[in-house]
Amino acid sequence: LAILSVGAVTVPIYATNPAAQVNILLGDSQSKGVVVSNQEQSGKINESTVVILTFEELTQKGKTELPKRKEEIRAISDSLTCESLATLIYTSGTTGEPKGVMLTHGNFLSNCTATAQAIPICDDDLYLSFLPLSHVFERMAGYYLMLHQGATIAYAETMETVPENMMEVRPTVMCGVPRFIEKLHGKIMETVQNSHGLKRKIAEWAFTLAKQEAGIGKFELNLADLLVFHKLKSKLGGRLRFFVSGGAPLAKEIAGFFYGVGILILEGYGLTETSPVISCNRLDKFRFGSVGQVIAGVEVKIAEDGEILTRGPHVMKGYFGKEEATKEVLTTDGWFHTGDIGEFDRDGFLKITDRKKDLLITSGGKKVAPQKIENLLKQSEYILDAMVHGDGKRYLTALLVPEVQKIERYANQQGITWNSIQELLVYPVIQQLIRETVDQQSKDLAPYERIKYFVLLDKPLSQEAGELTPTLKIRRKIVTEKYRGLLEKLYEMQ
């Protein structure tokens, strides 16, 4: 807030980013100063660019300088307009090249005003924040919007302490990504499975009731609430009016389940480039499986190829220092190409049906450029081809095509005998070799960009099978569908 108040520009960076990525962003943004929270973060910064100043020294210097420059600082603050640049938030395209999204004070202000009209937040609300503030969703919805409406913000200590922090502060509003909601749902189901006797039967009955969309009697609902749902809501603080989900698609079934329990989850849609909200469900107008209706002041149209285009005061100025990349997504008359495919239903609810671009979004809301990771993996002598998977999933997995001759050579060196390539590829020593190779190739990636599990294919991808384009690019939809069974098993592993 101090930085913004004097017209300077903030560049948020994830604390989990490795040093190489941090310094790329610092260089690209032409940053003049870095604020770090601890020694570990400080160690990521190239020493030649850093002047060390503790927070105590900084505040003391401020106290000294403020009386001398009070009028100057006020004049700077008063000179800011809606067109003044506020922040660069970096996002990766399909190639993995980081692009600094230029968002203005007006972008955020328009989004706060329009979102507040759609989702009522008041000065009596207490919001529990646990998502990274470097993510545009939390930055706007969980920070600027709450300040704009006079709500109180409480910050969770860590992701792990969110459940106990909810009991402690008893929030009325929360924002989260589908991964958090999925984990909460999974924890509930696990608790039911671990219970016994009558207690388990009552819980199973109640949660079966919660999944039903119609035909439930008021007496049944009241009884289920008294015996089960009320206790669950109490563990979430007991005052939660609603939950907002964003950053990635939320499964319709999970949203419906929580609604049956008595917890409304409002799903919205947007991108970093749109600061971020384009549409959202309302308390009195919601439809599970959709991302709601377009918010005030925002225009949306569906292009001939089904792509969602949007225009309005929420759209970025462009990508910092990347004029050509800006022209690719932003037309001269202000329409931004989202890269998402969608459609409106007859009541004006927007549904996202596909993604035009290859960018993956995990259920935790992290954007991942698969080509960047695939290219790194293919640099190994043991990996011929790779396809990263994980859109809407908790973590990334991969289909890997091994360099068979080099794998066989390694096997001979280890004294392994085998009857077929299928037998060889599942051999523990070979699996360990590829595991170490994948980890080595991924060492400079952010944690959410790393491959958790993989499958070794016993034959290469081909044009003949429709798996590759004429230019040898992977046809992701076809390959994903062909190997869906193998990929899904990777998400059943613990």
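Which residues does T10 touch, not counting residues up to four places away in sequence? The list is I3, L4, A86, T87, L88 and R139. Bear in mind that this is a predicted model.

**T10 and its loop**
- T10 sits in the loop that runs between helix 1 (2–5) and helix 2 (19–29).
- With a relative accessible area of 16%, T10 counts as buried, because the cut-off for that label is under 20%.

- Three strands make an open sheet in the order 17-18-19, and the pairing is mixed.
- Strand 17 (383–389) and strand 19 (451–456) are the edges, each pairing on one side only.
- On average, neighbouring strands here are turned by 25° against each other, direction ignored.
- Six bridges join strand 17 to strand 18 (residues 396–402), in the antiparallel sense.
- Look for H389 opposite T397, the latter in strand 18.
- Helix 13 (residues 370–377) lies across strand 17, strand 18 and strand 19, and runs at about 155° to strand 17.

**Salt bridges**
- The whole structure has 19 salt bridges.
- R241 pairs with D125, and their closest N and O atoms are 2.8 Å apart.
- R241 is in the loop between helix 10 (218–235) and strand 6 (242–245), while D125 is in the loop between helix 5 (105–118) and strand 3 (126–129), so this pair ties together parts that are 116 residues apart in sequence.
- D125 is buried at 3% relative accessible area, whereas R241 is partly exposed at 37%.
- E449 and K372 meet through their side chains at 2.7 Å, N to O.
- D439 and R435 form a salt bridge at 2.9 Å, N to O; both belong to helix 16 and are four residues apart, about one turn of the helix.
- D439 is partly exposed at 41% relative accessible area, but R435 is buried at 18%.
- A network of salt bridges links K393, E481, R484 and E488.

- L58 belongs to helix 4 (residues 55–79) and is partly exposed, at 46% relative accessibility.

Notes:
Residues are numbered from 1 along each chain as its sequence is written. This is a predicted model: local features need pLDDT of at least 70, side-chain atom pairs count only at pLDDT 80 or more; totals for chains, interfaces and linings use all residues. Side-chain values use heavy atoms; hydrogens and water are left out. Helices (H or I, at least four residues) and strands (E, at least two) are DSSP runs, numbered from the N terminus. Buried means under 20% relative accessible area, exposed over 50%, partly exposed in between (1.4 Å probe, protein chains only). Two strands pair if DSSP finds at least two bridges between them. Axes are lines fitted to C-alpha atoms, for helices over the stretch in contact, and angles run from 0 to 180 degrees between N-to-C directions. Contact means heavy atoms within 4.5 Å. A salt bridge is a side-chain nitrogen of Lys or Arg within 4 Å of a carboxyl oxygen of Asp or Glu.
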